[in-house]
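Dear colleague,

I am handing over the structure below, together with some notes on what was found in it. Please read them with the model open beside you.

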Amino acid sequence: MPGKISISFPHMGDYSAVFTQVLRHMFPQARVFPAPPMTQRTVELGGRHSPDFVCSPFKFNLGNYIEALEEGANVLFQTGLGCRYGYYGELQEQILRDLGYQFRFVCLSRDRANPQYVYQTFRELGCPLSTPKMIEAGLLALASIRVMDRYDYFMRENAGFETVPGSFEGVRRQLLREIEAADGFGDLLEAGTRSRRAAAGIRLDRPENPLRVGIVGDLYTLMEPFSNFYVERQLAKDGIAVSRKMSVWFLMFGQNHRRAVKKSGRYLHHTVGANGVDSVAQSLSYARQGYDGIIHMKSFGCIPELNATPALLNLSRHWGIPILDLSFDSHTSETGVQTRLEAFSDMIRMKKEEEDAAKREPGRGRGFGVHQGRRAGQQR
Ligand code: SF4
């Protein structure tokens, strides 16, 4: 490609730190930068130029691309498998060209998401690394994802109980900076160890039996907090321990649809597209572990998650576990989501208090809200 290349890519949570790291290694001569931070303008731009009924990842990504092009990007990356996300790249490229932008679109979706195609494309773009060095850069990126996901998992469980607000987020920001700047496994190891030590040193005021909520749903809405109005952060502010299994590491190494169907028990007998079956399997696992509630988050019009919804309703009824269903689109009102979330938190808190009181005084009437006294497998 003639001239200096400026590479950019859309956001999905803070994985941009890892993408920046690996692309910086692969293309040392290039300018590498994630799309500008997501704002309302990103949403409006994406929404304005997208088909009406497409799901929100398409719109958010398109907004990211437009803003990256405005910032001077001339190479855009896209990747994705699963459902229709794997077909979005071609349409997004066409829309951007119709808008008059000139760029190279590197779409690593579906059958192109394989090492050989990636290798050829990187060579065409001018990657000067030897093959072993390319592999090393790829492995470093994978290890970085692992470090990041492990920290995030720990943080979600504990951030609601930190005595100094923002402590976990501060450590996380530092970890992301170090991941982005890491030039080798030594750097990454140090960054991981530093963040673990720092997190272990954060003072917590965690009750013995805190409220616990599991989060399931479509991968983009779960992993891009801007798209869900930072639901996890709000739950933490409410003093709730949050569990979310969905992560890039899970998608790459933990996902197994056949196993997930088995783990869905009697609630699903087939896969339902993308991560729908994971939502059911993980919800059943949360119910069995006695979680206080589940939040099912999805993009408006997400067919796989819509397919999973009846199974989740049955599961909620049988196990007496409240499930809050939240759909997000570029038109979703943040206030509406906040109100529902607050009501949900209040409801599960009151339900837990009733249950705890019933345990202390066995004669006392049990049951609040949806479950009417049934619990954990006490099925009809
Ligand atoms: S999983 Fe759902 S939200 Fe994600 S691309 Fe597919 S249909 Fe859209």
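How far apart do the C-alpha centres of domain 2 and domain 3 lie? They lie 24 Å apart, in a protein divided into domain 1 (6-129), domain 2 (148-206) and domain 3 (208-364), with bounds that come from an automatic or database domain assignment. This is a predicted model, in which local features need pLDDT of at least 70 and side-chain atom pairs count only at pLDDT 80 or more, while totals for chains, interfaces and linings use all residues. Residues are numbered from 1 along each chain as its sequence is written, and side-chain values use heavy atoms, with hydrogens and water left out.

Helix α15 covers residues 334-360, helices being DSSP runs of H or I with at least four residues, numbered from the N terminus. Its end C-alpha atoms are 39 Å apart, which agrees with the 39 Å that its 27 residues should span at 1.5 Å a residue, the expected span being 1.5 Å times one less than the number of residues. Among the buried residues of α15 are V337, L341 and F344, buried meaning under 20% relative accessible area (1.4 Å probe, protein chains only). What covers the buried residues of α15 includes α10 (231-237).

Conventions: Helices (H or I, at least four residues) and strands (E, at least two) are DSSP runs, numbered from the N terminus. Buried means under 20% relative accessible area, exposed over 50%, partly exposed in between (1.4 Å probe, protein chains only). Contact means heavy atoms within 4.5 Å.
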